[in-house]
Amino acid sequence: MSKVTQIAHPLILHKLSFIRDKNTGSKDFRELVEEVAMLMAYEVTRDLQLEEVEIETPICKTKCKMLAGKKVAIVPILRAGLGMVDGMLKLIPAAKVGHIGLYRDEKTLKPVEYFCKLPQDIEDREVIVTDPMLATGGSSVDAITLLKKKGAKNIRLMCLIAAPEGIKVVMNAHPDVDIYVASVDEKLNESGYIVPGLGDAGDRLFGTK
């Protein structure tokens, strides 16, 4: 069964307060989302495998630990997921980046796919799906389903804010995918938005309405 990890680090919670604030403009919003994503990446990558290697310091030879095994792919769900990519690449610069384009039908609230471009070796990588908001869960479920169809086997989902309803939907559809969030909010409202949430993450990132 999938595991839900809430990363309640003081710096993350502090920055998340500014992200939620409706008076925070797009420039600051983008920078804060990037910073929180970088901080969250420490926890999301905590169990990556290591191997022992020998290096030479200015003093002597010694054995150290370096990343081993599967490499990382970061796959944002367009467009809001893009805001989390640069922060993660600062920590994992060798990661490859795929893109999955989904938008939410305003009437049915269901996701519609319009774009998918992934690294060719996606099946050999640890895949981290990024999306600031886990609301109804529909987009995340569809993105993960698409990744599995393309051969991905090791997938984890990383979101800033989640609704309990969305978490449940993802866990039921993909019990093998662990979920990492900075906050689990109260609920979804009748329009499918997270309460208290932060509004539309894509609009706030890119200054659109």
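This is a predicted model: local features need pLDDT of at least 70, side-chain atom pairs count only at pLDDT 80 or more; totals for chains, interfaces and linings use all residues.
Biologist: Why is glycine 199 called partly exposed?

Modeller: Its relative accessible area is 39%. Buried means under 20%, exposed means over 50%, and partly exposed is what lies in between, using a 1.4 Å probe and protein chains only. Residues are numbered from 1 along each chain as its sequence is written, and side-chain values use heavy atoms, leaving out hydrogens and water.

Biologist: Where does glycine 199 sit, and what does it contact?

Modeller: It's in the loop between strand 13 and helix 6 (201–206). Helices (H or I, at least four residues) and strands (E, at least two) are DSSP runs, numbered from the N terminus. Skipping neighbours within four places in sequence, glycine 199 is in contact with Met133 and Tyr193; contact means heavy atoms within 4.5 Å.

Biologist: How do you know which residues go with glycine 199 under "binding site"?

Modeller: That comes from UniProt, in an unreviewed entry, which puts the feature at Ile194, Gly199, Asp200 and Ala201. The positions use the numbering here, feature names are shortened, and annotations may be inferred rather than shown by experiment.

Biologist: Is isoleucine 194 buried or exposed, and what makes it so?

Modeller: Buried, because its relative accessibility is 7%. Isoleucine 194 is found in strand 13 (residues 194–195). Beyond four places in sequence, its contacts include Met133, Leu134, Ala135 and Ile161.

Biologist: UniProt has another "binding site" listing; which residues are in it?

Modeller: Among them are Arg79, Arg104, Asp131, Pro132, Met133 and Asp200, again from an unreviewed entry. Aspartate 131 and proline 132 both lie in the loop between strand 8 and strand 9.

Biologist: What makes proline 132 and aspartate 131 count as buried?

Modeller: Proline 132 is at 1% relative accessibility, so it's buried. Aspartate 131 has 10%, so it's buried too. Proline 132 is in contact with, among others, Ala80, Gly81, Met84 and Ala201. Aspartate 131 touches residues including Ile77, Ala80, Met158 and Cys159.

Biologist: What about histidine 174: buried or exposed, and why?

Modeller: Buried, because its relative accessible area is 5%. Histidine 174 lies in the loop between helix 5 (164–173) and strand 11 (178–184). It touches Ser2, Val141, Ile144, Thr145 and Lys148, not counting residues up to four places away in sequence.

Biologist: Why do Tyr103, Tyr114 and Phe115 get called a nonpolar patch?

Modeller: Patch members have over 30% relative accessible area and no salt bridge; like charges are joined within 9 Å, nonpolar side chains (Val, Leu, Ile, Met, Phe, Trp, Tyr) within 5 Å. A salt bridge is a side-chain nitrogen of Lys or Arg within 4 Å of a carboxyl oxygen of Asp or Glu. Tyrosine 114, for one, is partly exposed at 47%, and it is found in strand 7 (residues 111–117). Together the three have about 330 Å² of accessible area, by the Shrake-Rupley method with a 1.4 Å probe, with only the protein chains shown counting as cover for residues.

Biologist: How do you know that strand 2 and strand 3 are paired?

Modeller: Two strands pair if DSSP finds at least two bridges between them. Strand 2 (residues 50–56) has seven bridges to strand 3, running antiparallel.

Biologist: Why say strand 3 lies largely in the open?

Modeller: Because zero of the seven residues of strand 3 (residues 61–67) are buried.
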